[in-house]
Amino acid sequence: MASSMVRSSFLRTALRARNGASSSTVPKRNFASSSGHHDDAYETAKWEKITYLGIASCTALAFYILSKGHPHHEEPPAYPYLHVRNKEFPWGPDGLFEVKHHDH
């Protein structure tokens with residue numbers, strides 16, 4: 001274990017002397033995408049602004065549409081052939097989602 005540490009220290013010193021670097025800092029690795037860091041920050045800021053603008057405009061549109069209300073239609077005429085039932089439903093005399101008041 002100690003010999004491997006000495007060996008790695010020796011190799012680091014030899015490589016530093018060979019490259020002419022006298023500092024003990026590790027050289028920075030440059031990736032191909034690291035040069036576009038400024039562009040990434042600009043795109044992120046742009047899309048953040050677009051998102052906030054979209055949220056604000058959708059909220060305003062929803063308030064406008066919901067504030068207008070909706071038209072109320074008249075009750076359709078009670079035709080005798082509608083809702084013909086020959087047998088009672090298991091849950092009662094009305095349909096599952098119908099609410100009617102019966103006189104008992």
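User: How many salt bridges does the count come to in this predicted model?
Analyst: Side chains of opposite charge can pair when their charged atoms come close. The criterion applied here asks for a side-chain nitrogen of Lys or Arg within 4 Å of a carboxyl oxygen of Asp or Glu. By this rule, the count for the predicted model is 1 salt bridge.

User: Which side chains meet in a salt bridge, and in which helix do they lie?
Analyst: The N to O distance of the pair is 3.4 Å.

User: Is E43 buried, partly exposed or exposed?
Analyst: Buried means under 20% relative accessible area and exposed means over 50%, with partly exposed in between. The relative accessibility of E43 is 33%, so E43 counts as partly exposed.

User: Which residues make the nonpolar surface patch?
Analyst: The patch covers about 460 Å². One of its members, L61, is found in helix α2. L61 is partly exposed because its relative accessible area is 48%. The patch is made by L61, Y64, I65 and L66.

User: What percentage of the residues in the protein chain is buried?
Analyst: The secondary structure comes to 2 helices and 0 strands. The chain exposes about 10700 Å², of which carbon and sulfur atoms supply 63%. Of the 104 residues in the protein chain, the buried share is 4%.

Definitions and conventions:
Residues numbered from 1 in each chain as written. Predicted model: local features only at pLDDT ≥ 70, side-chain atom pairs only at ≥ 80, totals over all residues. Heavy atoms only, no water. Helix = DSSP H or I, 4+ residues; strand = E, 2+ residues; numbered from the N terminus. Buried < 20%, exposed > 50% of the residue type's maximum accessible area, 1.4 Å probe, protein only. Areas by Shrake-Rupley, 256 points an atom, 1.4 Å probe, with all protein chains shown as cover. Patch = residues over 30% accessible without salt bridge, like charges linked within 9 Å, V, L, I, M, F, W, Y side chains within 5 Å.
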